[in-house]
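Subject: Structure handover

Hi,

Here is the structure for you to look through. My notes follow below it.

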Amino acid sequence: MFTRSVTGKSLGFAAGLAGFICLPFFMPEEDLFLRWRLLLWYTTFAAIIAMFGVIRWHPILKIFMLWWVRGPCWGVG
């Protein structure tokens, strides 16, 4: 679970960093705060997707969630 979390955060950070660097070229009038939000959003979102990819048992409904149930709900396959 730790490895998947680190991988997800790393990929999300890379995508956010690309957005952080490229945003001034596409939208030069935007402020620095939007660039930081973009970086942190992609890092957090990737970590959430990575963690839901590991969790197969629904804690509230007490059911086993198959990949085709989790995929449309959480974006993991």
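Which residues of α1 are buried? They are Ser 5, Gly 8, Gly 12, Gly 16, Gly 19, Phe 20 and Leu 23. Please keep in mind that this is a predicted model.

Take Ser 5, which is found in helix α1. Its relative accessibility is 13%, so Ser 5 counts as buried, the cut-off being under 20%. In sequence, Ser 5 and Ile 49 are 44 residues apart. In space, their C-alpha atoms are 8.9 Å apart.

Now the helix pair. Helix α1 covers residues 2–26, and helix α2 covers residues 32–54. They pack at an angle of about 155°. Their axes are 7 Å apart. Angles over 145 degrees count as roughly antiparallel, so α1 and α2 are roughly antiparallel to each other. Their crossing is right-handed. The contact of α1 with α2 has 16 nonpolar residues, seven polar and three charged.

Next, the length of α1. The helix has 25 residues. At 1.5 Å a residue, α1 should therefore span 36 Å. Its end C-alpha atoms are 35 Å apart, which agrees.

One more point on α1. The helix has a kink of about 30° at Phe 20. That position lies shortly before the proline Pro 24. Phe 20 is also one of the buried residues of α1.

Best wishes

Definitions and conventions: Residues numbered from 1 in each chain as written. Predicted model: local features only at pLDDT ≥ 70, side-chain atom pairs only at ≥ 80, totals over all residues. Heavy atoms only, no water. Axes fitted to C-alpha atoms, helices over the stretch in contact; angles between N-to-C directions. Helix = DSSP H or I, 4+ residues; strand = E, 2+ residues; numbered from the N terminus. Parallel < 35°, antiparallel > 145°, perpendicular 65-115°, else oblique. Left-handed = near helix turned anticlockwise from the far one by under 90°. Nonpolar A, V, L, I, M, F, W, Y, C, P; charged D, E, K, R; others polar. Expected span 1.5 Å × (residues − 1). Bend = angle between axes of the 7 residues up to and from the residue. Buried < 20%, exposed > 50% of the residue type's maximum accessible area, 1.4 Å probe, protein only.
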